[in-house]
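Please examine the sequence and the model before reading on.

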Amino acid sequence: MAIVQLDPEVVAKIAAGEVIERPVSVVKELVENALDAGAKRVRVELVAGGCDLIRVADDGCGIAEEELVPAVQRHATSKIASLDDLGRIATLGFRGEALASIAAVSEMAITSAVENGAAHTIRLLGGEVKSITPASRSRGTTVVVERIFFNLPARRKYLRSAASESSQSAQLLSHLAMAYPDVSFELLVDGRRTLFTPGSGDPMDAAVAVLGREVSAALMPVDATVQARSPGEGVAARVTGYVARPPVSRPTRSGIWLTVNRRPVRSRALVSAVEGGFEGLLMVGRHPIAVLDLQVPPWEVDVNVHPTKSEVRLLRERLIYGGMRDAVRAVVASDERWAQEVAGLGRVEHGSDPVDEPRLQLGDAEVGSHALARTADVVGSGRRIPILRLIGQVAQSYIVAEGEAGLYLIDQHAAHERVLLERLRRAMGREEQVQLLLEPAVVDLTAGQLELARAALGALEELGFRLEPFGESSILVRGVPAQLPQGMAVKALREAIEELVEERGILDWRERVAVALSCRSAVKAGQVLSHEEMRALVESLEEADITQHCSHGRPTAVLLSHTQLEREFGRR
Ligand SMILES: Nc1ncnc2c1ncn2[C@@H]1O[C@H](COP(=O)(O)OP(=O)(O)OP(=O)(O)O)[C@@H](O)[C@H]1O
Ligand SMILES: [Mg+2]
C-alpha cells in the first residue's frame, strides 16, 4: 500500500474532529473565548440541541476587522506567543485551534466589534472564508455556528437526541456559571430560557441559579489552603467554594463540580479526593454535592494534556489531593448538627428544622415527623433484621412485621432493591450466575445508548449479562443475571441504560449498573404482594447483612420499639 501525504483539507478535518466532538464542544470553545475576552455577559442559544444552530454572543473586547481572518486560522492566537508562555497559561484558550476547528466542520459567521470600532461579519463554509462584510453591533462578538458536521456525515450520525445534546451544554454552562459568578450567563434552548445567572459576583447567587434554593441552603463555604511540605515553600494551593451538608446528596456524581484555576476539569483523582472528605458520612450509592475551585500557580498545572483541555496534570498531585480531601472533611465535620446525627447511628434527629416535613397521622392526634424521629429508630447500620413474624401490608407499600424489639415497618421497594443489590454484588463475575435465555431478546437502542452500552459492556458481563451487537442499533441479549427476578432482567437492562445515558463520566460502571438494575427490577411501591411474596422478601432481608438503607439512601425499615409504643400510648 502506498503511503500518501494527506490533503491539507483532510488533515484539518481530522484535527477538528479531536477538538469538536459534538455541539457541547462548540459551546465550550466559544464561551471560553468570550470569557478570555473579558465578557461580563454571555448568551448562548441552541436550536435542536445545537445540531442545527448555536449562537454565542458576548460583550467582551471584540475582534478588530483585520484580525478576523487570523482568528479563524489554525494556530493563530492572541493568548500566547512563545514556548515559555505555555508554561504559565492564565487564559482558557491558548492553542489558536478552536475557531479553525469549528469552522472546518460547519457553516460559521462571526460578527464582532472592538470599542469605538465598526462591526464586521466574516462568513465561512467548511473552513473556507466566503465573505467579510460591514455589520452593526456594539462592542463584543457573536458567533453563529450552523449545520455542525454537515461535511462529516459519519460524525453527524453519532449525535444524540436534541434533548441530550442540550443537556450537555446546559451542564457545561452551569459549571462555568458557578466558576465565573461575576459573569452573567443565559441559555436559551429552542427559544426557552433554561439558565440565567445574574453575574453579581456573589458565588451564592450563581449557585442558587444553578442548583436551586433548596440545595443552596445546605451549602457550607470552603476556603482552605494546602501547605507545601517544606515550610519555606509556603502555600501549594487554595481550595474555595461550597460543599453541601451530607443529608443533601445525589445518586450520581453529577453534583460534584470541580474547576482548576476556574477551568472545568474532569479528574477522577480530584473527585475521589472530594468523596474522601465525605467518607463514612453518606449512604451507600449516594454522592456529595460540591462546587469547588482549586487554585494553583499556572506553572504547576499542565493544561495541555487533552485535546479538549478537559483534563489537567498537577505538579504536586498527591499533596494537593490530600489537602483537598482534608479541606472538605474539615468543613463537613465542623457541621455540628450533622455530626450528632451520625453519632446517633441511625437515630434521626432533625433539630429544629421546620421544613416541609411529612406528617404522620395517628388517629386523631397529628404527630410531626419530629415526633416520629424521636420515637422511631431507623433500623441501625450493622444491626441486622431479626427473625420476624409477618403481619401484613399497608398502603401497598410497606410490610408490617413484628420482631423481638417491636414493630417493624419495611419499605418493600427499598428492601427488595437492597436484597437484589447485595446478591448481584456477591455473584459478580461468577459464571454460574449467568442464566442463558432460550430465546435471545433484541433490545433496540439509540446511538447514544448504544455508545453507553459499549462503555458498560465489561460491567454488564460481570454482572451476568451476555450481550452481542445486533445490526446497527440493537443488542442481542443471550444471557441475564440469575439473581434478577424472572422475566425482569431485559426490561431492567433497557431501563438502566436509559437512566444512565444522561450521566457522563461514570467512574464505577459495575456499581452504577448494579444499582440501576436492582432498583429497576425490585417490586414497586403500590404493588400488592401476596403473603408468600412478603414472606420471601422478609426472609431474604433477615439473611442480608446490611439493612439500613436502599441504594438511594432512604431507610429500608423503621422500628417502633415496645418502649416507644408504650410511650406513645401513655403507658410510660
Ligand atoms: N469572543 C471573542 N472575543 C474576542 N476575541 C476572540 C473571541 N473569540 C476568539 N477571539 C480571538 O480569536 C483568537 C482565536 O480563537 P481560538 O479559540 O481559535 O483560539 P484560542 O482561544 O487562542 O486557543 P484555543 O484553541 O485553545 O481555544 C483568540 O486568540 C482571540 O484573539
Ligand atoms: Mg479559544
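How far from an oxygen atom of ligand 1 does a polar side-chain atom of lysine 79 lie? The distance is 2.6 Å.

## Basis of the model

This is a predicted model, in which local features need pLDDT of at least 70, side-chain atom pairs count only at pLDDT 80 or more, and totals for chains, interfaces and linings use all residues. Residues are numbered from 1 along each chain as its sequence is written, chains are lettered from A and ligands numbered from 1 in the order in which they are written, and side-chain values use heavy atoms, with hydrogens and water left out.

## Surroundings of ligand 1

Ligand 1 is surrounded by 21 residues (a residue is near if one of its heavy atoms lies within 4 Å). The closest are Thr77, Ser78, Lys79, Glu97 and Lys309.

An N or O atom in the side chain of asparagine 33 is 2.8 Å from an oxygen atom of ligand 1. For leucine 99, a polar backbone atom is 2.8 Å from an oxygen atom of the ligand.

## Helices H14 and H18

Helix H14 (residues 412-427) and helix H18 (residues 509-521) have axes that come within 8 Å and cross at roughly 140°. Axes are lines fitted to C-alpha atoms, for helices over the stretch in contact, and angles run from 0 to 180 degrees between N-to-C directions. Helices are DSSP runs (H or I) of at least four residues, numbered from the N terminus.

How values were computed. Helix = DSSP H or I, 4+ residues; strand = E, 2+ residues; numbered from the N terminus. Polar contact = N/O pair within 3.5 Å; in protein donor to acceptor, adjacent residues only side chain to side chain.
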